[in-house]
Amino acid sequence: MNEILHAPGFLGTSANFAADATLIIMLITAALFSIGFYLARKENFEAHKWIQTLGALINLIMVLWLMVLPFRDFVVRDQGGPREAVFYLVTALHAITGLSATIFGLFVVLRGHKLMPKFLSFNNYKPFMRWAYGLYIAATTLGIFVYFVWFVVTGIPPTYG
Ligand code: HEM
C-alpha cells in the first residue's frame with residue numbers, strides 16, 4: 001500500500017500519488033458539501049443530512065489517514081528542513097482551520113442525527129451549519145495553498161523514502 005501512496009503523482013508536480021489523490025478527493029468533498037448546502041436551501045433536509053454526513057466522514061478519514069502524519073513529520077519534526085517560512089505558516093494556518101472544521105463539522109453532524117447530549121444540543125441550525133460549511137471551505141482553500149507551497153513553490157519538497 002505504501003508503495004502506491006509514495007509512487008510519483010499524476011498532476012505533474014513533485015507531489016506523490018497520495019498527495020495528488022488527497023487534493024482531488026478533498027475537492028470532491030468540498031463539492032459534496034456545496035451540493036448539501038444547496039439541498040438545504042431547497043428544503044430537501046433528508047438528502048442534505050446524508051450528503052453532509054458522507055462529506056464529514058470522508059473528510060475525517062482523509063485527515064486522520066493522510067494529513068496528520070505528514071504534519072508530524074514535516075512540520076513538527078521538520079524532517080528534511082528547514083524550509084521557507086511560508087511553508088510552516090501556510091501549513092499551520094491550514095491545520096488550525098482544518099482541525100476546527102473537522103471537530104465543529106462532526107459536532108453538527110452528530111446533532112443532526114440527534115446523537116448529542118441535551119446540554120450540547122441546539123435548535124438554531126442555520127448559523128451552526130453555515131459556520132461548519134464556511135470552515136470546511138476555508139480549510140479546503142488553504143489546503144490548495146498547502147499543496148502549491150509543498151510541491152510547487154518550495155525548493156525542498158517533502159518526500160518519504
Ligand atoms: C476540514 C479539514 C481539512 C481539509 C478540508 C483539508 C484539505 C486539504 C487539502 C485539499 C490538501 C492538499 C492535498 C495534499 O497536499 O495532500 C491538504 C493537505 C494537507 N493537510 Fe489538510 N485538510 C484538513 C485538515 C487538516 C488538519 C487538521 C491537518 C493537521 C493535522 C492537516 C494537515 C495537512 C498537511 C500536512 C497536508 C499536506 C499533506 C501532504 O501533501 O502530504 N489538514 N489538506
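This is a predicted model: local features need pLDDT of at least 70, side-chain atom pairs count only at pLDDT 80 or more; totals for chains, interfaces and linings use all residues.

Q: Okay, let's step back. How many helices and strands does the protein chain have?
A: There are 5 helices and 0 strands. Going from the N terminus, the order of elements reads α-α-α-α-α.

Q: What box do the C-alpha atoms fill?
A: Roughly 50 × 30 × 25 Å, taken along the principal axes.

Q: What percentage of the residues count as buried?
A: The protein chain has 161 residues, and 27% of them count as buried. As for contacts between residues at least 6 apart in sequence, 64% join residues at least 24 apart.

Q: Now the packing. How do α2 and α3 cross?
A: Helix α2 covers residues 17-41 and helix α3 covers residues 45-76. Their axes come within 8 Å and cross at roughly 160°. An angle over 145 degrees counts as roughly antiparallel, so α2 and α3 are roughly antiparallel to each other. The crossing of α2 past α3 is left-handed.

Q: Which residues meet there?
A: On the α2 side they include Ala18, Thr22, Ile25, Met26 and Phe33. Among those they meet in α3 are Phe45, His48, Ile51, Leu54 and Met62. By class, this contact of α2 with α3 has 15 nonpolar, 7 polar and no charged residues.

Q: What about α2 and α5, how do their axes cross?
A: The axes of α2 and α5 come within 10 Å, with a crossing angle of roughly 160°. That angle is why α2 and α5 count as roughly antiparallel to each other. Here α2 passes α5 in a left-handed crossing. From α2, the contact uses Ala19, Leu23, Met26, Ala30, Phe33, Phe37 and Ala40. From α5, its members include Met129, Tyr133, Ile137, Gly143 and Phe151. The residues of this contact of α2 with α5 divide into 13 nonpolar, 2 polar and no charged.

Q: Nice. At what angle do α3 and α4 pack?
A: At about 150°, with the axes of α3 and α4 10 Å apart. That makes α3 roughly antiparallel to α4. Their crossing is left-handed. Among the contact residues are Lys49, Gln52, Asn59 and Phe71 of α3, along with Tyr88, Gly98, Thr102 and Val109 of α4. The contact of α3 with α4 has 9 nonpolar, 8 polar and 1 charged.

Q: Switching to loops. Where does Pro8 lie?
A: Pro8 is in the loop between α1 (2-5) and α2.

Q: Is Pro8 buried or exposed?
A: Pro8 counts as exposed, because it has 12 C-beta neighbours inside 10 Å. Setting aside neighbours within four places in sequence, Pro8 is in contact with Asn16 and Phe17. The C-alpha atoms of Pro8 and Ala18 are separated by 8.7 Å, and the two residues are 10 apart along the chain.

Q: What joins Gly81 and Pro82?
A: A cis peptide bond, with omega about 0°. Pro82 sits in the loop between α3 and α4.

Q: What is the phi of Asp78?
A: Asp78 has a positive phi of about 55°, although it is not a glycine. Asp78 also lies in the loop between α3 and α4. With 13 other C-beta atoms within 10 Å, Asp78 is partly exposed.

Q: And what is the phi of Lys114?
A: Lys114 is not a glycine either, and has a positive phi of about 55°. Lys114 lies in the loop between α4 and α5. It counts as exposed because Lys114 has 7 C-beta neighbours inside 10 Å.

Conventions: Residues are numbered from 1 along each chain as its sequence is written. Axes are lines fitted to C-alpha atoms, for helices over the stretch in contact, and angles run from 0 to 180 degrees between N-to-C directions. Helices (H or I, at least four residues) and strands (E, at least two) are DSSP runs, numbered from the N terminus. Angles under 35 degrees count as roughly parallel, over 145 as roughly antiparallel, 65 to 115 as roughly perpendicular and the rest as oblique. A crossing is left-handed if the near helix is turned anticlockwise from the far one by less than a right angle, and right-handed if clockwise. Two residues are in contact if their C-beta atoms, placed from the backbone, lie within 7 Å. Ala, Val, Leu, Ile, Met, Phe, Trp, Tyr, Cys and Pro count as nonpolar, Asp, Glu, Lys and Arg as charged, and the others, Gly among them, as polar. A residue is buried if 20 or more other C-beta atoms lie within 10 Å of its own, exposed if 12 or fewer, and partly exposed in between; C-beta atoms are placed from the backbone.
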